[in-house]
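Welcome, and thank you for taking a look at this protein with its metal ions. Please keep the viewer open as you read, so that you can find each place as it comes up.

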Amino acid sequence: MPQLRPNTPPPPDYYRNNLLRVVEFVAHTYADLLNPRELLYLHSVTQVSRDAQRLLARLISRKGPRIREDRLNYTEVGCLQTQLQQLEQQGLIDRNPAAPADRLLMLCTKDELVAWFPGFARSSKAVLLGDIVTRYSDVQLHTRLSACLNWVSIRQAGMLDLLRLLYFGDSYRDLSAFVLEDLGLVRYEPYVIDRSNRQFDHRDDLDRYLTLRSARDLSHRLADFPQLAAEVTTQLLHQPCETRIEQRTRDRALNRLGHWHERLGELDSALACYAGSNTHPARERSVRILKKTGQVQRSECLQQQLIEAPRCAEEEDFAQRFGKRGGGVKPPITSVRLDCATPERIEDHAAQLLTANGGVALHLENNLPLSLTALAYWPVIFAEVPGAFTNPFQSAPVDLFWPDFARTRATLIAEQDRILADPLGFRRELTSTWQAKSDTANALMSWRAMSAEVLHTILHCIPHTILFSLVGHVIRNLPMARTGFPDLTVLYGPGQYEFVEVKGPTDQLQPAQRIWFKHLTRLGANGRVLKFQAQAR
DNA sequence: TCCAATGAGG
DNA sequence: TTCACACAATCGC
DNA sequence: GATTGTGTGTCTCCTCATTGGAAA
Ligand SMILES: [Mn+2]
Ligand SMILES: [Mn+2]
């Protein structure tokens, strides 16, 4: 039930109510594991006046970290100064807080800088800013700017990050999720939140997660803090992990650190990182390093382990091919000379070429297998398995991309397969789900790419046996089936179709793409690579 | 004058 | 932050 | 030609206004 219209003012309490919903959910769900400081923060938010809450909700949605007071024009907030004062007294915002000079100056437009700091050479804003910074100290600039304008910043922004994490289950979404839903742009599956399986059961779980996340963030910015690499490495190697989310976060950070050490030539440290990680591509990297450093026997031994007990498809493919040039299975390749310079995307060029004599080429990539799987197994994906739905606004169960997703739901999948096995049932299930769930958020579904028309053409041209085995493969192997599907789905007519991966002159088939071709062959589907070769001169 | 980039907003 | 591409450097036959 | 490594671009709605820099 959309309650918002674009460019039409929402009810005065709209943004405030969204904020309070977050606060109430967190207070209700996690009261037992929040510390006194955090509880006090929640209390402060609920205690300030209605108008102050309205303003706070607006401030939270602004970019920050510093916001100019003269840019706070909100009709629903009465007496701005009173509310600012109250928010400050409650410790929720700071007014005119100190900050590095260049940051403060960025609050001003270029025209304002010219007016307020006369005597500086007129040039680009960046240069002007640099000139002013070298002339004044941070403190001097603060007093000078305070005479011209006022600004505020949200205090304890970390508290709001925590609120977002506990409400949404991740840190990527924010209060705009409410708006998108209320505008009717996104719908959400009406699942029931599993109150007996919280995302974080004890304070320890939360703390471990936060520690891991900061380590992970650091592993992304090692270039800025190279001196911290060693410390983070040892910390991660000794970090206990209890849940699989923790394990995965830790593994990915370790893989990143390993890669960093590799680039610096610190191969022993790299090996240590990879040894502590249970996730691809840790063992592949180890095989390479061992080979490169002359430890041939250890390298081959590990490679043998990968072949005998691969942890994922990528490992298996790597182990089969490493050291054997031109080894492994190869998809059929058609080579074409690239005669004219093509300003357009190479995939579009290929699409035109392939459909010159009729048919339609769709640039869907992974959207084809994933969206079809979403439609075919919708009830399986949103089945209320214990612990799968712990937060509002989920577009998938927590474990959608975990290796045992399908095992946990084996019975449900088998039931759904009985419907899908029949060609008519398959078609009915997909089209009716499309209509019933249109625009409902599903991590596998791209509603834009898989329009009703596209879906009908696909069902019309690709044989049922192929589609059925394709989605069956995907739902059972989501971690690997998520990437690498060929660029183009080309539909010529009933029973006449092909999946085409387009390659430019310098492009090479990627491991994930090779793996998909392997499975397409096994499933009996038509697939090939269309390679454009540079014009010989 | 035009334009791309950015941010605010529903 | 993700995935896939573009491009460069190197390897091995 | 195959392989490996590295850097990059486009994204999670869509529209409007503002800003700052460049083209004309
Ligand atoms: Mn592609
Ligand atoms: Mn391609």
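## The whole chain

Please keep in mind that this is a predicted model. Chain A has 537 residues, and 47% of them count as buried. Along the principal axes, the C-alpha atoms of chain A fill a box of roughly 70 × 60 × 55 Å. The chain's secondary structure comes to 27 helices and eight strands.

Three domains divide chain A: domain 1 covers 14-182, domain 2 covers 202-321 and domain 3 covers 333-533. Taken over C-alpha atoms, the centres of domain 1 and domain 3 are 43 Å apart. Even so, these domains touch, with 10 residues of domain 1 in contact with five residues of domain 3.

If you look at contacts in chain A between residues at least 6 apart in sequence, 71% of them join residues at least 24 apart.

Now turn to the metals. Which residue bridges the manganese ion (ligand 1) and the manganese ion (ligand 2)? That residue is Asp487, and the two ions lie 3.7 Å apart.

| Ion | Protein donors | Donor distance |
|---|---|---|
| manganese ion (ligand 1) | Glu365 (OE), Asp487 (OD) | 1.9 to 2.0 Å |
| manganese ion (ligand 2) | Asp487 (OD), Glu501 (OE), Val502 (O) | 2.1 to 2.3 Å |

The donor residues of the manganese ion (ligand 2) are spaced D-x13-E-V in sequence. Asp487 sits in the loop between helix 26 and strand 6, while Glu501 belongs to strand 7 (residues 496-503); the two are 14 residues apart, and the pair links distant parts of the chain.

Glu365 counts as partly exposed, with 33% relative accessibility.

## Aromatic rings

The structure holds 20 aromatic pairs. One of them is formed by Tyr14 and Tyr15: the ring centres are 5.2 Å apart and the planes meet at 75°, so the pair is edge-to-face. Tyr14 counts as buried, at 5% relative accessibility, whereas Tyr15 is partly exposed, with a relative accessible area of 26%.

Elsewhere, Phe25, Tyr167, Phe168, Phe178, Tyr188 and Phe393 form one aromatic cluster. A ring can also have a charged side chain over it: Arg482 lies over the face of Phe401, at 3.8 Å from the ring centre.

## Backbone details

Most residues other than glycine have a negative phi, and most peptide bonds are trans.

Phe393, a member of the aromatic cluster, has a positive phi of about 60° although it is not a glycine. You will find Phe393 in the loop between helix 20 (378-381) and helix 21 (405-408). Phe393 counts as buried, at 6% relative accessibility.

Asp439 is not a glycine either, and its phi is positive, near 70°. Asp439 is in the loop between helix 23 (423-437) and helix 24 (452-461), and counts as partly exposed at 37% relative accessibility.

Where is the cis peptide bond with an omega of about 5°? It joins His280 and Pro281. Pro281 is in the loop between helix 14 (267-275) and helix 15 (282-292).

Finally, here is a pair for a sense of distance. Gly158 and Ile289 are 131 residues apart in sequence, and their C-alpha atoms are 40 Å apart in space. Gly158 is part of helix 9 (residues 157-168) and counts as partly exposed, at 48% relative accessibility.

Terms used: Residues are numbered from 1 along each chain as its sequence is written. Chains are lettered from A and ligands numbered from 1 in the order in which they are written. This is a predicted model: local features need pLDDT of at least 70, side-chain atom pairs count only at pLDDT 80 or more; totals for chains, interfaces and linings use all residues. Side-chain values use heavy atoms; hydrogens and water are left out. Rings of Phe, Tyr and Trp (its six-membered ring) pair if their centres lie within 6.5 Å; planes under 30 degrees apart count as stacked, over 60 as edge-to-face and the rest as tilted. Buried means under 20% relative accessible area, exposed over 50%, partly exposed in between (1.4 Å probe, protein chains only). A charge sits over a ring if NZ of Lys or CZ of Arg is within 6 Å of the ring centre and within 35 degrees of the ring normal. Donors are N, O and S atoms within 2.8 Å of the metal (3.2 Å for Na, K and Ca); water is not among the atoms, so sites may look incomplete. Helices (H or I, at least four residues) and strands (E, at least two) are DSSP runs, numbered from the N terminus. Contact means heavy atoms within 4.5 Å. Domain bounds come from an automatic or database domain assignment.
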